Amino acid sequence: MNPTAPRLALTLTAASLMVAANLLTATTAHADDSPSVPPGTEPSASAPVNVDANDPDLKLPEGATLAEAKVLDIKQVVEDQSGDERREDTNADVKFALQAEVLFGKDSAKLSAEARARISGIAEEINTQNATRIRVFGFTDNLGSSAHGDVLSRQRANAVQAVLDQELNDPNVTFEVRGYGEQYPISSNATESGRKKNRRVEVSFPRTES
């Protein structure tokens, strides 16, 4: 990341439901062929419950008090002004999202020298957090065939994982690697600026408990 580039920071407070996913993995990880989705994208188990605010049954019994309010999770988002790199921090996880253009050539899974430097920076943060479970997910836009996007996104995720594995050089680290193709876009595919955001590789891992 360019240290001189302006940075935009947003702090959002939100309740988070974290669901562990069983993922396909690279050769250094434990293989699992179960279907899976990126954390945070799972559908809700049930529809929201309609609440009548005037229902007398909602009143507290005499002498009862409400539990002390608490924040379940805090998310901090820091993004380059260019949007090339994005970092999300919650109480539980750290996630980096790198746009494909800063990592690879067009329709390629070969990493550039600049890409290796960025991935090395992520490896340093993984060491700082003492993380041993790392997720590497690849995504594409919706141009071309869905099958091609699935393959390319997995190849790109594998390339990033391979560099992380070399940088960390830790046999205790487990990688969960998957290519999702055009699934789970984070922007509209109707414009090139939106498609650029969707072409990305995400690296996420648990943060150190405080």
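## A walk around the aromatic cluster

Start by selecting Tyr180: its relative accessibility is 1%, so Tyr180 counts as buried. Keep in mind as you click around that this is a predicted model.

The rings of Phe137 and Tyr180 make an edge-to-face aromatic pair, 5.3 Å centre to centre with 90 degrees between the planes. Colour by secondary structure and you'll find Phe137 in strand β5 (residues 133–139), while Tyr180 sits in the loop between β6 (174–179) and α3; the pair therefore ties together parts that are 43 residues apart in sequence.

Next stop, Tyr184. Tyr180 pairs with Tyr184 too, again edge-to-face, at 5.4 Å between centres and 85 degrees between planes.

Bring in Phe139 and you have the whole cluster on screen: ring pairs link Phe137, Phe139, Tyr180 and Tyr184. A search of the whole structure gives four aromatic pairs.

With Phe139 still selected, show Arg200. Arg200 lies over the face of the Phe139 ring, 3.8 Å from the ring centre.

Last, hop to another arginine, Arg195, in helix α3 (residues 192–198). Arg195 has a relative accessible area of 15%, so it is buried. Follow its side chain to the backbone oxygen of Asn189, reached at 2.9 Å. Leaving aside neighbours within four places in sequence, the contacts of Arg195 to display are Asp141, Asn142, Leu143, Ser188, Asn189 and Ala190.

Terms used
Residues are numbered from 1 along each chain as its sequence is written. This is a predicted model: local features need pLDDT of at least 70, side-chain atom pairs count only at pLDDT 80 or more; totals for chains, interfaces and linings use all residues. Side-chain values use heavy atoms; hydrogens and water are left out. Helices (H or I, at least four residues) and strands (E, at least two) are DSSP runs, numbered from the N terminus. Buried means under 20% relative accessible area, exposed over 50%, partly exposed in between (1.4 Å probe, protein chains only). A polar contact is a pair of N or O atoms within 3.5 Å; within protein, one must be able to donate a hydrogen and the other to accept it, and residues adjacent in sequence count only if both atoms are side-chain atoms. Contact means heavy atoms within 4.5 Å. Rings of Phe, Tyr and Trp (its six-membered ring) pair if their centres lie within 6.5 Å; planes under 30 degrees apart count as stacked, over 60 as edge-to-face and the rest as tilted. A charge sits over a ring if NZ of Lys or CZ of Arg is within 6 Å of the ring centre and within 35 degrees of the ring normal.
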